[in-house]
Amino acid sequence: MARKTPGKTTGALPIYVLNGPNLNLLGTREPEVYGRATLAEIGKAVAERAKTHGFSVTFRHSNHEGELIDWLQEARTMASGVILNAAGLSHTSVSLLDAARALDKPLIEVHLSNPYRREPYRRRSYISEAATGVICGLGATGYLLAIDALAGLLKD
Ligand code: CA2
């Protein structure tokens with residue numbers, strides 16, 4: 001009997017894609033910084049890309065730090081891996097870093113913009129200290145590249 005490729009099993013846990021404060025405003029303001037895609041459009045494209053790798057996606061947004069921490073804790077048992085755009089909290093939240101450190105699964109940090117080209121206070125991300133990899137500056141494409149990267153890591 002042919003064996004299924006790891007990660008292609010229908011029973012694989014979903015990839016969690018978690019989005020932080022104000023990302024629900026995507027597509028309404030600052031398109032020159034964040035692009036024109038809405039968060040819903042990114043969510044749809046991410047789910048389609050993940051499907052090509054045999055994964056489902058749990059795509060969420062919250063404006064609340066505690067809720068994002070709850071979801072990272074949930075991901076310890078309920079997710080294959082995590083893609084996290086913690087938005088402004090990336091630059092401030094030690095508590096999110098602690099939750100990311102406790103994940104014990106691959107985590108890809110994504111930013112639509114390139115924080116290194118922006119204000120100095122965006123150059124430090126606490127999340128990066130726990131991330132497996134970081135993708136920034138490529139707009140919504142960054143989320144799709146993160147799916148590809150995570151799928152590759154999970155198949156290894
Ligand atoms: O580039 C990214 O993805 C960021 O995580 C976005 C955050 C920012 O604080 C980070 O430095 C970089 C801001 C998200 C706010 O998104 C908006 C989108 C449209 C209109 C207003 C805010």
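Helices (H or I, at least four residues) and strands (E, at least two) are DSSP runs, numbered from the N terminus. This is a predicted model, where local features need pLDDT of at least 70 and side-chain atom pairs count only at pLDDT 80 or more, while totals for chains, interfaces and linings use all residues. Residues are numbered from 1 along each chain as its sequence is written, and side-chain values use heavy atoms, without hydrogens and water.

Let us start with helix H3, residues 65-78. Its 14 residues reach 19 Å from first C-alpha to last, close to the 20 Å expected at 1.5 Å a residue (1.5 Å times one less than the number of residues). Leu 68, Ile 69, Trp 71, Leu 72 and Ala 75 of H3 are buried (under 20% relative accessible area, 1.4 Å probe, protein chains only). They sit on the same side of H3, because they cover an arc of only 160° around the axis, taken from the directions from the helix axis to the C-beta atoms. Among what covers these residues are strand E1 (15-19) and helix H4 (94-101).

On a 1 Å grid over the protein atoms alone, a cavity is a set of points where a 1.4 Å probe fits but cannot get out, and a pocket is an open set with protein on both sides within 12 Å along at least five of seven lines. A volume is the space filled by probe spheres set on the points, which are joined across faces, edges and corners.

| Space | Volume |
|---|---|
| Largest pocket | about 380 Å³ |
| Largest cavity | about 50 Å³ |

Notes
Buried means under 20% relative accessible area, exposed over 50%, partly exposed in between (1.4 Å probe, protein chains only). Contact means heavy atoms within 4.5 Å. On a 1 Å grid over the protein atoms alone, a cavity is a set of points where a 1.4 Å probe fits but cannot get out, and a pocket is an open set with protein on both sides within 12 Å along at least five of seven lines; lining residues have an atom within 4 Å of a point.
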